[in-house]
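Colleague: I have a model open and want to learn how to read it. Can you take me through the features one by one?

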Amino acid sequence: MSGGSFSRVGVVGLGTMGAGIAEVLARGGLAVVGIEINQDALDRGRGNLEGSTGRAVKRGKLTEEAQREILDRITLSTDFADLAECDLVIEAVPERLELKRRVFEQLDRVCRADAVLATNTSSLSVTDIAVTTNRPAKIVGVHFFNPAPVMRLVEIIGTVLTEDGAVARVADLVRGLGKTPVTIGDRAGFVANRLLFGYLNQAATMLESGHATRDDIDAAMKTGGGLPMGPFTLMDLIGLDTCLEVLEAIYQESRDRRHAPAPVLRELVTAGLLGRKTGRGFYSYD
Ligand code: CAA
């Protein structure tokens, strides 16, 4: 495995997606700088990294020595200045445009002028983020799927401002990590979510209308559709807040009613029931 033309990669935000991305990069032999906003968040990020690689050790997929090597490649910090030597930085902070813009303004200040800056957004416009920087030609979307260490697809998004070389270099990196890159323009939902979320939203609508129960819809799609998870199990894994954000973004762009978020989804999000990460969503988790 190799990082192609990148050797030192920063990851900003070490939640579920950021920690997964940092792990994938470190497993690929790259030096990784992981950034969080404060010490508590950094400790949680370290916990995510240790938990995920520890699980692989328990399952006999990784030796303790290999785990240590992977974790040793990841430097953790709360100081953006530690990203100064990175040739690529991937941002994976929560899906709020203002927050992402602030992060990119900081990255633009501290990172080398030739560094490529990437966002892992699943619902925001990459162009909206790119234009807040002084280097829009170096801004790309790099959209990993959850769980990042397992899912092979990575969508790479170039805007009308992105230089071809940046997209090609990131695609080479992704291939070197053993993943499958697809390159796409900046459209809400990109490819996979644009197709997947019409189906997930329809499942929620069917539940609401009493068409079938949660368990029967999940069982039907898992055993009859040959999918690893039914739609409600999957929405709980993705996070219902993320599901709502993705649907709202696609609906806003397409005005296709299939993407108008099912009311039950909004209700659960308002109630703070966001899926696995909060212990309850469509299902409860102990
Ligand atoms: N981190 C690291 N590895 C993990 C993991 C995690 N969070 N979860 C599972 N794995 C690994 C396991 O270690 C195991 O690896 P080995 O085979 O090497 O031992 C493998 O994945 C299978 O895990 P399990 O046996 O525990 O469980 P499973 O067979 O039910 O698989 C799953 C779990 C991989 C999550 C599978 O159910 C699956 O593929 N589900 C669908 C996930 C999906 O569709 N994701 C995309 C969501 S959309 C999205 O993310 C985009 C967006 O913008 C919202």
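Colleague: Where is Phe190 placed?

Modeller: Helices (H or I, at least four residues) and strands (E, at least two) are DSSP runs, numbered from the N terminus. Phe190 sits in the loop between strand S8 (180-184) and H7. This is a predicted model: local features need pLDDT of at least 70, side-chain atom pairs count only at pLDDT 80 or more, and totals for chains, interfaces and linings use all residues. Residues are numbered from 1 along each chain as its sequence is written.

Colleague: What is the phi of Phe190?

Modeller: Phi of Phe190 is near 50 degrees, a positive value in a residue other than glycine. Arg255 also belongs on this topic, with phi near 55 degrees, again positive in a residue other than glycine. Arg255 lies in the loop between H10 and helix H11 (263-270).

Colleague: Is Phe190 buried or exposed?

Modeller: Count C-beta atoms, placed from the backbone: 20 or more others within 10 Å of a residue's own make it buried, 12 or fewer exposed, and anything in between partly exposed. Phe190 has 23 C-beta neighbours inside 10 Å, so it counts as buried. Arg255 has 9 inside 10 Å, so Arg255 counts as exposed. Across the protein, buried residues make up 44% of the 286 residues.

Colleague: Which peptide bond is cis?

Modeller: Look at omega. The bond joining Asn146 and Pro147 is cis, with omega about 0 degrees. Pro147 is in the loop between strand S6 (139-144) and strand S7 (153-158).

Colleague: Which residues come nearest to the ligand?

Modeller: A residue is near a molecule if its C-beta atom, placed from the backbone, lies within 6 Å of it. There are 19 residues around the ligand, and Ser122, Phe145, Asn146, Pro147 and Pro228 come nearest. Helix H2 (39-58) gives the most to this shell, with three residues.

Colleague: What classes make up the shell around the ligand?

Modeller: Ala, Val, Leu, Ile, Met, Phe, Trp, Tyr, Cys and Pro count as nonpolar, Asp, Glu, Lys and Arg as charged, and the others, Gly among them, as polar. The shell has 11 nonpolar, five polar and three charged residues.

Colleague: What are the domains?

Modeller: Domain bounds come from an automatic or database domain assignment. Here the assignment gives domain 1 (8-184) and domain 2 (193-278). Their centres, taken over C-alpha atoms, are separated by 26 Å. Each domain supplies at least three residues to the shell around the ligand.

Colleague: How many residues of domain 1 are in contact with domain 2?

Modeller: Contact means two C-beta atoms, placed from the backbone, within 7 Å. Six residues of domain 1 are in contact with eight residues of domain 2.

Colleague: Which residues touch the most other members of the largest nonpolar core?

Modeller: A nonpolar core is a set of buried Ala, Val, Leu, Ile, Met, Phe, Trp, Tyr and Cys residues joined through C-beta atoms within 7 Å. The largest has 53 residues, and Val11, Ile21, Ala22, Val89, Val140 and Val170 touch the most other members. Apart from it lies another core of 24 residues, among them Phe197, Ile217, Val246 and Ile250.

Colleague: How many residues of helix H9 are buried?

Modeller: Seven of the eight residues in H9 (residues 231-238) are buried. Their cover includes helix H7 (192-208), helix H8 (214-224) and helix H10 (240-254). After H9 comes Gly239, with a positive phi near 105 degrees.
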